[in-house]
Amino acid sequence: MVQPTELAENNRKGDEMNYIVGFIFIALIGYIFEQHRRIHYLVKRNIEQENLKVIQDHQYDTLKHLTNMLDNTLKALGYDYRQFDKNNFVKHELTPEQIQQLWQSQQREIKQSDHEVTQFDVELKKGGLYAWWHSFRDR
């Protein structure tokens, strides 16, 4: 026959086991929530990096177009910026054909730049940053 003290001791061991199992269960739930939070953070970080890359690419393309347009403007005025490093500021007269080519080149740059701005706006809308970028840009 089981002694009452042994029965009480077995119940106490069972209660301790229930506490341990409950503690492990709560720890696992906390671990799952932490992993969910970490995954959410990593996804958000990845989206931010993709948006940053889109913005950097746009800024690079804009700078490239502005540089080409400046080059075309200087050529239309008769100067070659590559000669400026050599302290050669001689103005050259352009033929009407050269001026027409520069005008067409300038128009192509403007169209390409406008197209890339449209592409950039589409990418920002995909990333959810369209309103933020335009409020930041218009300051």
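Helices (H or I, at least four residues) and strands (E, at least two) are taken as DSSP runs and numbered from the N terminus. The model is predicted; local features need pLDDT of at least 70, side-chain atom pairs count only at pLDDT 80 or more, and totals for chains, interfaces and linings use all residues. Residues are numbered from 1 along each chain as its sequence is written, and side-chain values use heavy atoms, with hydrogens and water left out.

The chain has a mean pLDDT of 79. A value of 70 or more is reached by 81% of its residues. Within the chain, confidence is highest in helix α2, at a mean of 84. It is lowest in helix α3 (residues 130–137), where the mean is 61.

Salt bridges were then examined. Side chains of opposite charge can pair when their charged atoms come close. A salt bridge is defined here as a side-chain nitrogen of Lys or Arg within 4 Å of a carboxyl oxygen of Asp or Glu. Across the whole structure, 3 salt bridges are found. Accessibility is described in three classes: buried is under 20% relative accessible area, exposed is over 50%, and partly exposed lies in between (1.4 Å probe, protein chains only).

E34 is partly exposed, at 35% relative accessibility. R37 is also partly exposed, at 46%.

D57 forms a salt bridge with K53. Their closest N and O atoms lie 3.0 Å apart. Both D57 and K53 belong to helix α1, 4 residues apart, or about one turn of the helix. D57 has a relative accessible area of 36% and is therefore partly exposed. K53, at 48% relative accessibility, is partly exposed.

K75 and D71 meet through their side chains in a salt bridge, at 3.4 Å from N to O. They are 4 residues apart in helix α1, so about one helical turn lies between K75 and D71. K75 is partly exposed because its relative accessibility is 29%. D71, by contrast, has a relative accessible area of 11% and is therefore buried.

Q106 lies in helix α2 (residues 96–127). Its relative accessibility is 14%, so Q106 counts as buried. Contact means heavy atoms within 4.5 Å. Not counting residues up to four places away in sequence, Q106 touches M69, N72 and T73.

Conventions. pLDDT = per-residue confidence, 0-100.
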